[in-house]
Amino acid sequence: MADEIDAALVRRLIAAQFPRWAGLDVRAVASAGTDNAMFRLGDDLVVRLPKAEWAGGQAEKERRWLPRLAPALPLPVPVPLGAGVPGEGFGQAWGVYAWLDGADAWTAPVTDLAHAARELGRFGAALRAADATGGPRSFRGGAVTEWEEGALPPAVAALAAAGLLDARTALDAWERVLALPAWDRPPVWLHGDLLPGNLLTRAGRLSAVIDFGGLGTGDPAADLLPAWTLLTPATRPLFRAASRLDDATWDRGRGWALCWGLVTDHYYGDTGGPGTAPTPNPTLAAVARRAWTEALPEYA
């Protein structure tokens, strides 16, 4: 990878590989995302480049699968328009997409939560109904109990030491998650990262779903995270009904909100100590804190 991903690099890549767009203005898009850097290209395009090693391969996956899935989905999703290859000192594949107008749901929060609950539920149900034959495994398609399990007790200890939670209550809740039955059906599609930063809004309404880097197949429980990162106790039932998933999957989704929330809050937040990120990410930490603080009382 190049030492620095900036507008100058993007201009060189576009000039070398997509000369028809070389005269368009390039400007960075602010984002709290950890996987990719984004740059507007003119008014109608966006360039997306992986900024983390683990994000390699996401552009190729989106190019292969999004055109097949998009027609069946009830919300707009990114449209790949250009397949960038390594060059100009940048060592990863990258992509050019059609720009989807709107702001992310963290920057411009959803105000019509009932509409968002129903639309997100329908979106997940439509995605799961698509043919998953040959689909890659999602990084969140396995059991929640396999995800960062060893990181959860230190995260609970750190958050408890900061006075943010009662450790015994959190660990008892986690024991209940460990006892949940596993997904025992064929793998289905899931987005894998339905956090507020990957949901677009316009005029307070959910308008699109972006960033399919976590797209893949497996247990769909992780796609229930919006119930606790975005929605409220009053609107969660609308999302649950539209999602058309069984009780055990819903319970595993709550387990994701608990586990992902605790571990990510500790890793990217301000509790400090071992197991935290070299560079804090206050936005992601805030989303994570909302996840576990909304989920944990439901175990009472």
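Colleague: Which residues have the most contacts inside the largest nonpolar core?
Modeller: The model is a predicted one. Its largest nonpolar core has 64 residues. Those with the most contacts inside this core are F123 and W260.

Colleague: Which helix gives the largest share of this core?
Modeller: The largest share of the core of 64 residues amounts to 9 residues. They come from residues 247-268, that is, from helix 8.

Colleague: At what angle do helix 4 and helix 8 pack?
Modeller: Two packed helices are described by the angle between their axes and by the distance between those axes. For helix 4 (residues 152-161) and helix 8 the axes are 9 Å apart. The crossing of helix 4 and helix 8 is left-handed. Their packing angle is about 65°.

Colleague: How many nonpolar residues are in the contact of helix 4 with helix 8?
Modeller: Helix 4 contributes L152, P154, A155, V156, A158 and L159, and helix 8 contributes C259, L262, V263, D265 and H266. By class, 1 residue of the contact is polar and 1 is charged. The nonpolar residues number 9.

Colleague: Where in the chain are the two residues of the salt bridge between D43 and R27?
Modeller: The closest N and O atoms of D43 and R27 are 3.8 Å apart. D43 counts as exposed because its relative accessibility is 56%, whereas R27, at 30%, is partly exposed. The two residues are 16 residues apart and link distant parts of the chain. D43 is in the loop between strand 2 (36-41) and strand 3 (45-50), and R27 is in strand 1 (residues 26-29).

Colleague: Which parts does the salt bridge of E294 with R236 tie together?
Modeller: The closest N and O atoms of this pair are 2.3 Å apart. E294 is partly exposed at 22% relative accessibility, while R236 is buried at 5%.

Colleague: Which residues are linked with R236 in a network of salt bridges?
Modeller: The search of the whole structure finds 19 salt bridges. R236 forms one with E294 and another with E298. The network links R236 with D251, R254, E294 and E298.

Colleague: Is A117 buried or exposed?
Modeller: A117 is found in helix 3 (residues 113-129). Not counting residues up to four places away in sequence, A117 touches L231, T235, L238, F239 and A242. Its relative accessibility is 0%, so A117 counts as buried.

Colleague: What separates the C-alpha atoms of A117 and P86?
Modeller: Along the chain, A117 and P86 are 31 residues apart. Their C-alpha atoms are separated by 39 Å.

Colleague: What is the phi of E88?
Modeller: Most residues other than glycine have a negative phi. E88 is in the loop between strand 4 (80-84) and strand 5 (94-98), and is partly exposed with a relative accessible area of 38%. Its phi is positive, near 55°.

Colleague: Is D211 buried or exposed?
Modeller: D211 is not a glycine, although it has a positive phi of about 55°. It is placed in the loop between strand 9 (205-209) and strand 10 (216-218). Buried means under 20% relative accessible area. At 18% relative accessibility, D211 therefore counts as buried.

How values were computed: Residues are numbered from 1 along each chain as its sequence is written. This is a predicted model: local features need pLDDT of at least 70, side-chain atom pairs count only at pLDDT 80 or more; totals for chains, interfaces and linings use all residues. Side-chain values use heavy atoms; hydrogens and water are left out. A nonpolar core is a set of buried Ala, Val, Leu, Ile, Met, Phe, Trp, Tyr and Cys residues joined through side-chain atoms within 4.5 Å. Buried means under 20% relative accessible area, exposed over 50%, partly exposed in between (1.4 Å probe, protein chains only). Helices (H or I, at least four residues) and strands (E, at least two) are DSSP runs, numbered from the N terminus. Axes are lines fitted to C-alpha atoms, for helices over the stretch in contact, and angles run from 0 to 180 degrees between N-to-C directions. A crossing is left-handed if the near helix is turned anticlockwise from the far one by less than a right angle, and right-handed if clockwise. Contact means heavy atoms within 4.5 Å. Ala, Val, Leu, Ile, Met, Phe, Trp, Tyr, Cys and Pro count as nonpolar, Asp, Glu, Lys and Arg as charged, and the others, Gly among them, as polar. A salt bridge is a side-chain nitrogen of Lys or Arg within 4 Å of a carboxyl oxygen of Asp or Glu.
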